[in-house]
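Please consult the sequence and the structure while reading.

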Amino acid sequence: MRAHYASDKPPMPTTLQTTPLHISSIPCPLWRRLLALVYDLLIVVAIVMVVGLLCQLATGGKLISTGATTSVPVWYQALQGLVVAAYFISAWRRGGQTVGMRPWRIRVTSTAGATPSIQQCLVRLLVAAAPLLLLLLEPVLGLRATLWTVLVIWFTWFAVALFNTRRRTLHDLAANTEIRLLGKS
């Protein structure tokens, strides 16, 4: 019987052996990016839940006060916004893809095809999230009317892509970015 030595084993690869991907010049169809957004909404909900749990634990369960009105601290809302923003910006800067974009084989790029800059990511995020400011109108309009208003404005943001030859949405136009399909090289 022969003893096994470390040299008997095949060498371990130092990198993952995957098929290389290249960014095509083909713009992403709107339906694909909307489905990727649905996936990302699930990730955002999970992030918000974890941050909420940690904040509830840190405040001894007294984070949100209820009574005649519900009061949510401004610092908590800002923290949630920062964490969600960090998710999108880090994903776009690290590989151009959020978790939701990976299965749909799409990537955010600058219009030149490069990784978007931090400034482009910030502009893209702020313009995409701008309709959320309308939630401040909830005490005046009511919850139902406010949510419908936000949805109609987001629909308009994305509907711009239907008339743009590169399928760029309003936040893509503002940030000078676009979503492209990935292909195998």
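In this predicted model, helix α2 (residues 74-94) packs against helix α3 (residues 118-129) at an angle of about 135°, and their axes are 10 Å apart. The two helices are therefore oblique to each other, and α2 passes α3 in a right-handed crossing. On the side of α2, the contact is made by Ala85, Phe88, Ile89, Trp92 and Arg93, and on the side of α3 by Ile118, Cys121, Leu122, Arg124 and Leu125. Sorted by class, the contact of α2 with α3 comprises eight nonpolar and two charged residues, with no polar ones.

Helix α2 also packs against helix α1 (residues 30-58): the axes of α1 and α2 come within 10 Å and cross at roughly 140°. This angle makes α1 oblique to α2, because only angles over 145 degrees count as roughly antiparallel. The crossing of α1 and α2 is right-handed. From α1, the residues in contact are Asp40, Ile43, Val44, Ile47, Val48, Val51, Gly52 and Cys55; from α2, they are Trp75, Tyr76, Leu79, Gln80, Val83, Val84, Tyr87 and Phe88. These residues divide into 13 nonpolar, two polar and one charged. Phe88 of α2 takes part in the contact with α1 and also in the contact with α3.

Cys55, listed above in the contact of α1 with α2, is buried, with a relative accessible area of 8%. Cys28 is likewise buried, at 1% relative accessibility. Both values fall in the buried class because they are under 20%. The structure holds zero disulfides.

Most residues other than glycine have a negative phi. Arg167, although not a glycine, has a positive phi of about 60°, and Asn176, also not a glycine, has a positive phi of about 60°. Arg167 is found in the loop between α5 (143-159) and α6 (170-175), whereas Asn176 lies in the loop between α6 and β3 (177-184).

| Residue | Relative accessible area | Class |
|---|---|---|
| Cys28 | 1% | buried |
| Cys55 | 8% | buried |
| Arg167 | 33% | partly exposed |
| Asn176 | 39% | partly exposed |

Notes:
Residues are numbered from 1 along each chain as its sequence is written. This is a predicted model: local features need pLDDT of at least 70, side-chain atom pairs count only at pLDDT 80 or more; totals for chains, interfaces and linings use all residues. Side-chain values use heavy atoms; hydrogens and water are left out. Axes are lines fitted to C-alpha atoms, for helices over the stretch in contact, and angles run from 0 to 180 degrees between N-to-C directions. Helices (H or I, at least four residues) and strands (E, at least two) are DSSP runs, numbered from the N terminus. Angles under 35 degrees count as roughly parallel, over 145 as roughly antiparallel, 65 to 115 as roughly perpendicular and the rest as oblique. A crossing is left-handed if the near helix is turned anticlockwise from the far one by less than a right angle, and right-handed if clockwise. Contact means heavy atoms within 4.5 Å. Ala, Val, Leu, Ile, Met, Phe, Trp, Tyr, Cys and Pro count as nonpolar, Asp, Glu, Lys and Arg as charged, and the others, Gly among them, as polar. A disulfide is a pair of cysteine sulfur atoms within 2.5 Å. Buried means under 20% relative accessible area, exposed over 50%, partly exposed in between (1.4 Å probe, protein chains only).
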